[in-house]
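Hi everyone, thanks for coming.

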Amino acid sequence: MKQKPSMDKWLEEAKAHESASKCGMYLTHNGVVRETAKAKVRQGVSDTKPIRAVEFSYYAAKVDAAIAKAYQMEGIYYIKVWLNEGEVPVGGDLMYVLIGGDIRPHVIDCLQALVGEIKNNCVIEKEIEED
């Protein structure tokens, strides 16, 4: 597992960045490991075991491409992404994303699109069930 970043420091950096004068909003996402299996949450499967951890990795080039694509969205001026690696226990951090942009709808749309792209196409997650 990697050392997680400080959101306070990330926001300080973002507000000191050359794009800060264009940003009217910063929005963060913190994805964490939950004990409920993905199959139960997403497909309603009822007979799943609790999860104790997730084996997590990612494709850096795909993440970079997703970020570059997100920068093409209207009103987006700042993006920072951190992804963990290895076995991450329940409650552990998998992902941090920070988006800065001009207005709320643009920033929300970008966060939704970028996190979705990362989760669907850039990461490998293997749930590890409790014994």
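Let's begin with Ile99, which touches Met25, Tyr26, Leu27, Ile76, Tyr78, Ile79, Val107, Cys110, Leu111 and Leu114, leaving out residues up to four places away in sequence. Contact here means heavy atoms within 4.5 Å.

Before I go on, a word about the model. It is predicted, so local features need pLDDT of at least 70 and side-chain atom pairs count only at pLDDT 80 or more, while totals for chains, interfaces and linings use all residues. Residues are numbered from 1 along each chain as its sequence is written, and side-chain values use heavy atoms, with hydrogens and water left out.

Now, which residues touch the most other members of the largest nonpolar core? They are Ile79, Ile99 and Leu114, out of 26 residues in that core. Strand E2 (51–58), H3, strand E3 (76–83), strand E5 (93–101) and H4 each give two or more residues to this core, and H4 gives the most, with six. Another core, of ten residues, lies apart from it and includes Met7, Trp10, Ala14 and Tyr96. A nonpolar core is a set of buried Ala, Val, Leu, Ile, Met, Phe, Trp, Tyr and Cys residues joined through side-chain atoms within 4.5 Å. Buried means under 20% relative accessible area, exposed over 50%, and partly exposed in between, using a 1.4 Å probe and protein chains only. In soluble globular proteins, nonpolar side chains tend to be buried together.

Next, the helices. Helices (H or I, at least four residues) and strands (E, at least two) are DSSP runs, numbered from the N terminus. The axes of helix H3 (residues 60–71) and helix H4 (residues 104–121) come within 10 Å and cross at roughly 160 degrees. That makes H3 roughly antiparallel to H4, a label used for angles over 145 degrees. Axes are lines fitted to C-alpha atoms, for helices over the stretch in contact, and angles run from 0 to 180 degrees between N-to-C directions.

Who meets whom? Lys62, Ala66, Ile67 and Ala70 in H3 meet Cys110, Leu114, Glu117 and Asn121 in H4.

Staying in H4, we also find His106. Is His106 buried or exposed? His106 is buried, with a relative accessible area of 16%, and it touches Glu74, Gly75 and Ile76, again not counting residues up to four places away in sequence.

Finally, stepping back, the protein has four helices and six strands, and 37% of its 131 residues count as buried.

Terms used:
Angles under 35 degrees count as roughly parallel, over 145 as roughly antiparallel, 65 to 115 as roughly perpendicular and the rest as oblique.
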